[in-house]
Amino acid sequence: AQAVFVLGLQAIDVPFKGGLLVPEPFSVTPGLPLDGGGSLAIPGTWPPGIPPGFKVYFQYWIPDPAGPLGFSASNALAGMTP
C-alpha cells in the first residue's frame, strides 16, 4: 500500500475521512510505500538552524476499503528539537 504523509506545525484535531486529522497540513506527500506490516519509515535529520523546542506533527493516511469513508489513519506523533 501507499501512504499519504501529512506534516504540520501545529495540531488541529479535526474530523477527516471518518477519522481524526491531527496535524494542520503544512506539507502533504502522497505515494510513500508502506512495509509489509503497514509501517512507514522516513529517515532524516533536523535541518540546521531550527530553534530548540520547535514542534512538528506527523501522521499518515492510507486507502482502506474497510475503513471509515475508505481511509485509515496512523496515530499522530509530535517531534520536538532538543
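Two strands pair if DSSP finds at least two bridges between them. Strands (E, at least two residues) and helices (H or I, at least four residues) are DSSP runs, numbered from the N terminus.

## Basis of the model

This is a predicted model, in which local features need pLDDT of at least 70, side-chain atom pairs count only at pLDDT 80 or more, and totals for chains, interfaces and linings use all residues. Residues are numbered from 1 along each chain as its sequence is written, and side-chain values use heavy atoms, with hydrogens and water left out.

## Strand pairing

β3 and β5 are antiparallel partners, with 4 bridges between them; in this pairing F58 has L77 of β5 as its bridge partner. β3 also pairs with strand β4 (residues 71-73), in the antiparallel sense and over 3 bridges. There, P63 stands opposite F71 in β4.

β1 and β3 run antiparallel and are joined by 5 bridges, with V6 opposite Q59 in β3. β1 pairs with strand β2 (residues 19-33) over 10 bridges, again in the antiparallel sense, and Q2 stands opposite P33 in β2. β1 and β2 form a hairpin with 2 residues between them, and K17 in the turn has a positive phi of about 50°.

## The largest pocket

A pocket is found on a 1 Å grid over the protein atoms alone, as an open set of points where a 1.4 Å probe fits, with protein on both sides within 12 Å along at least five of seven lines; its lining residues have an atom within 4 Å of a point. Grid points are joined across faces, edges and corners, and the volume is the space filled by probe spheres set on the points. The largest pocket has a volume of about 410 Å³.

Its lining has 18 residues, and F5, L7, I42, V56 and F58 lie nearest the centre. The elements giving two or more residues to this lining are β1 (2-16) and β3 (55-63). β3 supplies the largest share, 4 residues. By type, the lining has 13 nonpolar residues, 5 polar and no charged; Ala, Val, Leu, Ile, Met, Phe, Trp, Tyr, Cys and Pro count as nonpolar, Asp, Glu, Lys and Arg as charged, and the others, Gly among them, as polar.

## T81

T81 lies in the segment after β5 (77-80). T81 counts as buried because its relative accessibility is 8%, where buried means under 20% relative accessible area (1.4 Å probe, protein chains only). Leaving aside neighbours within four places in sequence, T81 is in contact (heavy atoms within 4.5 Å) with W46, I50, P51, P52, G53 and F54.

The T81 side chain reaches the backbone oxygen of P51 at 2.5 Å and the backbone nitrogen of G53 at 3.1 Å.

Methods. Buried means under 20% relative accessible area, exposed over 50%, partly exposed in between (1.4 Å probe, protein chains only). A polar contact is a pair of N or O atoms within 3.5 Å; within protein, one must be able to donate a hydrogen and the other to accept it, and residues adjacent in sequence count only if both atoms are side-chain atoms.
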